[in-house]
Amino acid sequence: MPSGPSTPSGSDSKRQRVLPVPKAAANTRTFEPDSSIVSDIIPSPNHGDRNKGRQPDMIVLHYTGMPDVEGALARLCTAGTEVSAHYVVLEDGRIVQCVPEAKRAWHAGVSSWAGEDDINSCSIGIEIINRGHDWGYPEYPLRQIAAVITLCRGIMLRRKVAAHRVLGHSDVAPARKKDPGEKFPWHSLANSGVGHWVTPAPVVRGESLMLGTISDEVLSLQQALARYGYGVPLTGKYDAATMEVVTAFQRHFRPARLDGVADHSTLSTLQALLASLPADATAVAAK
């Protein structure tokens, strides 16, 4: 079977421009797609076996954060970059698979969630073509979001992924990452059964927990974030690491204000999320 993109027949695919195949990917063995909605296979050599036979039960969403799709695919599919993802979702809604789901793609880096620190072994990584914060951070097109939803729903069914384990890169690596960012429409995904969401509590004036505060209230906040899954130190001090986690939480669940300050809106939204989790979910996060 020849390497390179495999495109379905039909008038829609004929109207779309051919995707560039990175030179290194042209010599990488191709594979059968895991999803029927995949339009192209561009195999990446950057993958390995999942540690200890771990089966994926999490989806991590990213943006590519590069100026164009050509550069993003080259980075994800070229040996030596040490980066890859299982899927790439283009702005026009096409879906490219680069790594088989059974394999461990290298998308999450140093990260953690609910007590696990090898997120690559327990997750499926999806890169969404978007220039990101360093390149103007455009809105996500509706066709692209529709494709992300359809892809995630299929993975959730195949892999038995719970809705609350569809996360952003910033959730599992809050000190390093912002993607997919505050413009990503998590509420739209949740309306289709993808991801966990509650309507954020409104931002109002009032007392807040902020950098430098040392109190039992801060410890309670840290414990609540940890119960949800975030990797946060339980010190009782509102330090830089806690502020980074709160900012990541806001970026996902309360994007109206990203300041790392645990105000009434942030705290109330967090408590509502915890209250709406399945009964066994917080027990896993607390281990």
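This is a predicted model: local features need pLDDT of at least 70, side-chain atom pairs count only at pLDDT 80 or more; totals for chains, interfaces and linings use all residues.
Residues are numbered from 1 along each chain as its sequence is written, and side-chain values rest on heavy atoms, with hydrogens and water left out. The chain has a mean pLDDT of 91, and 89% of its residues reach 70 or more; pLDDT is the predictor's confidence in each residue, from 0 to 100. Over residues 1-15, the pLDDT is below 50, and this stretch has 23 contacts in the model beyond near neighbours in sequence (contact: heavy atoms within 4.5 Å).

Helices (H or I, at least four residues) and strands (E, at least two) are DSSP runs, numbered from the N terminus. In helix α2, which spans residues 69-76, the buried residues are V69, A72, L73 and L76. Buried denotes under 20% relative accessible area, exposed over 50%, and partly exposed in between (1.4 Å probe, protein chains only). These four residues lie on the same side of α2 because they cover an arc of only 95 degrees around the axis, the arc being that of the directions from the helix axis to the C-beta atoms. Their cover includes β4 (87-89) and β7 (123-128). The N-terminal end of α2 is capped by D68, a side-chain oxygen of which lies 3.3 Å from the backbone nitrogen of E70.

A search of the whole structure found 0 disulfides, a disulfide being a pair of cysteine sulfur atoms within 2.5 Å. For C98, the nearest cysteine sulfur is that of C77, 3.7 Å away. C98 is buried at 2% relative accessibility, and C122 is buried at 0%.

The largest nonpolar core contains 31 residues, of which W113, I119, L221, L225, Y228, Y230 and L270 touch the most other members. Such a core is a set of buried Ala, Val, Leu, Ile, Met, Phe, Trp, Tyr and Cys residues joined through side-chain atoms within 4.5 Å. Helix α7 gives the most to this core, with 6 residues. Beyond four places in sequence, L270 touches L221, A224, L225, Y228 and F249. Another core, of 28 residues, lies apart and includes Y137, V148, I149 and V161.

R254 is placed in the loop between α8 and α9 and counts as buried, at 1% relative accessibility. Leaving aside neighbours within four places in sequence, the contacts of R254 include P200, F249, D259 and D263.

Key: A polar contact is a pair of N or O atoms within 3.5 Å; within protein, one must be able to donate a hydrogen and the other to accept it, and residues adjacent in sequence count only if both atoms are side-chain atoms.
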